[in-house]
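This report describes one structure for a reader who is new to it.

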Amino acid sequence: MGRIVIGNWKMNLNLAEATVLAQSYLKVAEKHPHITIVAAPSLPWIVPLHEAFHWQPPNFAFASQVVSGYPEGAYTGDIAASQLKGLVKYALVGHSERRRYHHEGGSLIADAVKLLLGNKITPVVCFGEMAQSTQKAFSAQITLDLERDLVGLTPDEVGQCLFAYEPLWAIGTGHPASPDYIHKVIASVQVWSRGQYGLELPILYGGSVTEDDAQVLGRLDSLRGLLVGGASLHARPFDLVCSRFAKSG
Ligand code: PGA
């Protein structure tokens with residue numbers, strides 16, 4: 001599996017804007033066949049975009065920003081993994097904004113992972129600490145959180161997921177974590193994961209990534225990809241993030 005850059009559009013853009021942006025993502029994907037480029041639009045745009053871009057290159061895909069931990073049924077406002085099947089290849093699970101504003105968490109994270117895998121969608125499980133602290137403290141907290149989120153999943157199921165390390169203090173603040181900090185977190189998560197599941201996790205970084213730091217992040221061998229919010233909303237910065245991340249990788 002190569003590197004991947006996911007643009008998380010959050011609750012932004014109308015359909016016309018989303019269509020133009022998706023078009024520019026396709027060009028980025030064509031320019032960088034060795035990285036996977038993923039767009040995570042608002043839910044209502046996934047169907048029209050999927051229909052408009054059915055000729056997409058193999059290294060381009062859509063992601064859902066959200067998925068229910070419940071199977072289809074009486075859950076008003078939720079979207080089931082089975083309803084996303086065929087429309088998206090990836091889905092974010094447990095993004096910090098979903099946890100914060102919609103109280104997502106607990107066993108529903110692992111349930112969502114299972115439902116996604118059953119529908120051939122790769123879960124992108126998001127995790128990250130609230131505040132910057134000593135390495136020992138945050139590493140312990142992060143692995144405790146991951147352990148709770150992934151409870152009941154088999155090593156085979158965990159091995160089919162992507163993970164996005166997104167420290168809350170870095171998201172949307174204009175202050176990304178330093179490469180050294182990211183590297184240390186990833187290293188300690190891998191120690192935990194090897195012990196727990198006998199495998200290393202593919203980990204992306206997200207939190208105020210811009211074209212200014214994409215190159216230095218690209219030099220981190222331990223990093224599988226990026227989850228980009230603000231800088232993913234415009235063609236030029238997103239293109240630069242991908243180009244610089246790809247070039248230095
Ligand atoms: P940001 O968002 O790049 O705007 O910090 C990242 C995210 O929340 O996924």
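## Cysteines

A search of the whole structure finds 0 disulfides, a disulfide being a pair of cysteine sulfur atoms within 2.5 Å. C126 takes part in no disulfide, and the nearest cysteine sulfur, that of C161, is 11 Å away. C126 counts as buried because its relative accessibility is 2%; buried means under 20% relative accessible area, exposed over 50%, and partly exposed in between (1.4 Å probe, protein chains only). C242 is likewise in no disulfide, the nearest cysteine sulfur being that of C126, 17 Å away. With a relative accessibility of 0%, C242 counts as buried.

The model is a predicted one, in which local features need pLDDT of at least 70 and side-chain atom pairs count only at pLDDT 80 or more, while totals for chains, interfaces and linings use all residues. Residues are numbered from 1 along each chain as its sequence is written, and side-chain values use heavy atoms, with hydrogens and water left out.

## Aromatic rings

The structure holds 8 aromatic pairs. Rings of Phe, Tyr and Trp (its six-membered ring) pair if their centres lie within 6.5 Å; planes under 30 degrees apart count as stacked, over 60 as edge-to-face and the rest as tilted. Two of the pairs are set out below.

| Pair | Centre to centre | Angle between planes | Class |
|---|---|---|---|
| F60 and F62 | 5.1 Å | 85° | edge-to-face |
| W169 and Y181 | 5.3 Å | 90° | edge-to-face |

F60 counts as buried at 0% relative accessibility, and F62 counts as buried at 1%. One aromatic cluster is formed by W9, Y25 and F238.

## Ligand site

The ligand is surrounded by 13 residues, the closest being K10, H95, E166, G172 and S208; a residue is near if one of its heavy atoms lies within 4 Å. An N or O atom in the side chain of K10 is 2.7 Å from an oxygen atom of the ligand. A backbone N or O atom of G172 lies 2.6 Å from a ligand oxygen atom, and one of S208 lies 2.7 Å from a ligand oxygen atom. Taken alone, the ligand exposes 280 Å², of which the protein buries 94%, by the Shrake-Rupley method with a 1.4 Å probe.

Notes. Polar contact = N/O pair within 3.5 Å; in protein donor to acceptor, adjacent residues only side chain to side chain.
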